[in-house]
Amino acid sequence: MQTRSGGGGWAIHTGIYAGSFSIFTYSSVPSLYFGDSRANSAVYRWDSGNTDNGQAIDWIFETSELDLKSYFKNKTLKYLYVFFETTQANTITAYYALNGTSTYTQLQETVSSYSATGTDIFKRWVLPGLTGSSIRFKLEENSASGAVKLVKVGIVAVEKRMRTN
């Protein structure tokens, strides 16, 4: 299912028990609805509101494997920045995995530019002297009560210093 506005983004959704889908147009705005296949027979409007039937929406964002041998050759990774917009205070946690492993290590947040909501919000995590052939990042929120729009994820790297004797 393509979910990012403007195209180009795919997402896996779990916990949706859709038995049927329908598009209903109200005030010239079409909306997708789905019927729950379980016993409650509820009907839900897709992609509306800030909760999932009153429950916080958990989400995970994972990057693909980034090749450290070519693009980041002779560089030291310093920081991971995440820029986003939100309607509520959030607790975003960041992790990394090296060399194609499925084991993630949590990063410690160092800078947070927000107190609650707004645009142009960022978080920064220090990348603790990471070395390897590849790296992958994971961001997650387990208690989101408001919408979060990831705008940009960036990595800051600096040239490795060469020894001179």
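Trainee: Which side chain meets arginine 136 in a salt bridge?
Mentor: This is a predicted model. Side chains of opposite charge can pair when their charged atoms come close. Here the N to O distance is 2.8 Å. The partner of arginine 136 is glutamate 65.

Trainee: How many residues apart in sequence are the parts that this pair ties together?
Mentor: Arginine 136 lies in strand 11, residues 134–144. Glutamate 65 sits in the loop between strand 4 (57–62) and strand 5 (66–67). So the pair ties together parts that are apart in sequence by 71 residues.

Trainee: Is arginine 136 buried or exposed?
Mentor: Buried means under 20% relative accessible area. Arginine 136 has 15%. Arginine 136 itself is buried.

Trainee: How many salt bridges does the count come to?
Mentor: One joins arginine 136 and glutamate 65. Another joins arginine 38 and aspartate 36, at 2.7 Å from N to O. The count comes to two.

Trainee: Where is serine 28, the residue with phi near 65°?
Mentor: Most residues other than glycine have a negative phi. Serine 28 has a positive value and is not a glycine. The residue is exposed, with a relative accessible area of 70%. Its place is the loop between strand 1 (18–26) and strand 2 (29–36).

Trainee: What is the phi of asparagine 99?
Mentor: Asparagine 99 lies in the loop between strand 7 (93–98) and strand 8 (105–106). These strands form a hairpin with six residues between them. Asparagine 99 is partly exposed, at 42% relative accessible area. Although the residue is not a glycine, its phi is positive, about 55°.

Trainee: How many of the six residues of strand 7 are buried?
Mentor: The cut-off for buried is under 20% relative accessible area. By that rule strand 7 is mostly covered. The number of buried residues is five.

Trainee: Which residue in strand 8 is the bridge partner of tyrosine 95?
Mentor: Strand 7 and strand 8 run antiparallel. Two bridges join them. The partner of tyrosine 95 in strand 8 is glutamine 106.

How values were computed: Residues numbered from 1 in each chain as written. Predicted model: local features only at pLDDT ≥ 70, side-chain atom pairs only at ≥ 80, totals over all residues. Heavy atoms only, no water. Salt bridge = Lys/Arg side-chain N within 4 Å of Asp/Glu carboxyl O. Helix = DSSP H or I, 4+ residues; strand = E, 2+ residues; numbered from the N terminus. Buried < 20%, exposed > 50% of the residue type's maximum accessible area, 1.4 Å probe, protein only. Pairing = 2+ DSSP bridges.
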